[in-house]
Amino acid sequence: MANYSTSEFKGGLKFMLDGDPCSIIENEFVKPGKGQAFNRVKIRNLKNGRVIERTFKSGESVEAADVVESNYQYLYNDGEFWHFMDPDTYEQVSADATAVGESTKWLKEQDICTVTLWDGTPIIVEVPNFVILTVTDTDPGLKGDTSGGGGKPATLETGAVVRVPLFIQIGEALKVDTRTGEYVSRAGK
Amino acid sequence: MELDTHHTSWQPTASLEMIRSRAQLLARIRDYFERTGVLEVETPACSSYATTDPAIESFQLTYTGPGFPTPHPLYLHTSPEFPMKRLLAAGSGAIYQICKVFRNGELGRQHNPEFTLLEWYRPGFNHHQLMEDVAALINSVLPETREIEYLSYLEIFNQHLSINPHQATQTELQQCAKQHGIADAERLNLPTKDAWLDLLLTHRIESQLGRNRLSFVYDYPASQASLAKIRPGSPPLAERFELYMEGMELANGFHELTQANEQQQRFNQDLKQRENQGQAIVPMDKNLLAAINSGLPDCAGVALGIDRLLMQITQATDIDQTLSFPTSSA
């Protein structure tokens with residue numbers, strides 16, 4: 001792969017650090033008027049999601065990471081791997097539990113996800129901010145109670161459990177915010 | 001014909017209010033110098049000579065035309081220091097200048113390759129007297145006057161990192177950086193002990209300086225003397241100072257070196273370091289050396305970043321907010 005010099009540093013740049021692919025969140029040029037110049041960067045390790053702060057001497061270079069993000073359709077889970085397909089090329093990739101992480105709670109077959117591949121292997125699977133999922137289990141609750149106070153847990157078709165208003169019934173489709181894990185609204189059919 | 005304005009952001013990055021604040025700041029500075037008897041001067045932005053300082057890169061231009069039979073290299077000044085010293089040597093007395101200066105390779109939240117510098121010289125002053133002058137000027141332009149604090153370079157390292165910056169070896173400084181959580185201390189390959197001091201200063205000390213006050217740091221390691229007098233002693237110390245406000249470096253001043261021989265030696269040292277680090281070799285200013293040799297009066301001088309001062313006055317977080325058109329959109 002190519003190298004990047006610190007002059008190319010900016011948010012989103014992907015490079016290799018200590019053997020792991022990572023992405024720049026924030027880059028700050030630091031230099032005393034009459035002294036050494038540094039790049040102080042906030043970096044996300046793309047394999048474990050950890051955010052760290054690192055410092056480079058300005059002018060240093062780093063190895064570019066072969067990281068690409070693209071949209072894939074979720075196909076199925078075989079018990080060990082989650083399989084995805086590029087909807088344009090039909091090329092398939094499989095992601096392990098580490099790559100899928102929390103997204104597993106929201107993954108519904110045929111939904112389109114953003115998959116980050118490093119050297120061709122998925123390392124991050126991101127679901128859309130909002131997904132529509134059907135309620136498979138919840139207390140019947142009191143019909144007509146629309147006060148919304150308190151709410152109740154509901155299990156969705158992917159296994160995720162979210163708090164919903166009391167009027168929500170089994171079989172209803174809900175819009176859920178995957179970033180917060182919160183119910184947004186009923187999804188009109 | 002269709003206008004080619006695609007992807008162009010022609011709007012200024014500074015608000016009109018900011019542009020008015022800048023005008024007001026410049027007027028107040030000029031008023032301060034008028035009241036204290038300092039003469040405004042202008043010196044060239046282009047010179048056949050450049051700064052040798054390895055930490056500062058000049059932009060190079062080429063003049064072609066009458067006066068020079070072959071293309072002639074010129075350098076944009078990185079500060080008006082050298083010609084202003086020539087004026088001092090010619091008997092100008094106290095002088096100041098507000099001008100654009102240019103430094104290659106510097107762009108960030110607090111840097112723009114082209115910026116406005118206020119530089120002034122006071123014959124008969126040492127660096128302590130000049131620090132008081134700087135504080136008086138700053139307090140005359142701030143919305144609220146600030147308390148002033150004077151700390152030696154030794155004190156700030158002692159206070160924040162419990163290390164003696166003059167005695168510590170390069171390895172000890174590296175160790176100190178590691179202990180204070182600078183993850184790359186192990187990996188970083190810094191060229192000099194001063195670069196390690198810069199790492200500690202910028203990463204672990206600066207942000208604490210000038211909180212609700214004006215913090216002056218003075219008496220730098222002799223190796224960072226630049227154009228300041230070195231006071232003999234154990235250790236010898238550079239009569240240099242910096243001003244910090246809210247963690248930001250605003251000004252750098254010297255009790256000026258007035259020995260031509262020593263000045264030439266320092267230029268040569270700089271050039272040697274430039275060569276070792278693979279940096280451009282630039283011609284040292286012979287006019288300056290001649291002027292110092294003919295007699296530069298004992299004086300102190302300081303350079304103050306106007307854009308950064310404006311950031312402090314207006315609480316801007318990015319230098320671009322103070323510039324009508326930063327280099328990225330100029």
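Let me start with two parts of chain A, domain 2 and domain 3, whose centres, taken over C-alpha atoms, lie 26 Å apart. The domain bounds come from an automatic or database domain assignment, and for chain A that assignment gives domain 1 (3-63), domain 2 (67-126) and domain 3 (130-186). Where domain 2 of chain A meets domain 3 of chain A, the contact takes five residues from domain 2 and seven residues from domain 3, two residues being in contact if their C-beta atoms, placed from the backbone, lie within 7 Å. On the side of domain 2 of chain A that touches domain 3, there are two nonpolar, no polar and three charged residues; here Ala, Val, Leu, Ile, Met, Phe, Trp, Tyr, Cys and Pro count as nonpolar, Asp, Glu, Lys and Arg as charged, and the others, Gly among them, as polar.

Please keep in mind that this is a predicted model, in which local features need pLDDT of at least 70 and side-chain atom pairs count only at pLDDT 80 or more, while totals for chains, interfaces and linings use all residues. Residues are numbered from 1 along each chain as its sequence is written, and chains are lettered from A and ligands numbered from 1 in the order in which they are written.

Chain A as a whole has one helix and 16 strands, where helices (H or I, at least four residues) and strands (E, at least two) are DSSP runs, numbered from the N terminus. Its radius of gyration is 22 Å, well over the 16 Å that the globule rule gives for 189 residues, so chain A is more spread out than a compact globule; the radius is taken over C-alpha atoms, and the rule is 2.2 Å times the number of residues to the power 0.38. The C-alpha trace of chain A spans about 75 × 40 × 25 Å along its principal axes, and buried residues make up 29% of its 189 residues. A residue is buried if 20 or more other C-beta atoms lie within 10 Å of its own, exposed if 12 or fewer, and partly exposed in between, with C-beta atoms placed from the backbone.

Within chain A there is an open sheet of four strands in the order 2-3-4-5, with antiparallel pairing, and two strands pair if DSSP finds at least two bridges between them. Strand 2 (14-17) and strand 5 (51-57) of chain A stand at the edges, each with a single partner strand, so one side of each has no neighbour in the sheet. Strand 3 (residues 20-30) and strand 4 (residues 38-45) of chain A run antiparallel and are joined by eight bridges, and the bridge partner of Ser23(A) in strand 4 is Arg44(A).

Turning to chain B, we find nine helices and 12 strands, and a radius of gyration of 21 Å, close to the 20 Å of the globule rule for 330 residues, so chain B is as compact as a globular protein of that length. Of the 330 residues of chain B, 44% count as buried.

Finally, how many residues does each chain bring to the contact between them? Chain B gives 23 residues and chain A gives 15 residues, and helix 6 of chain B gives the most to the side of chain B that touches chain A, with seven residues. By class, that side of chain B has nine nonpolar, seven polar and seven charged residues.
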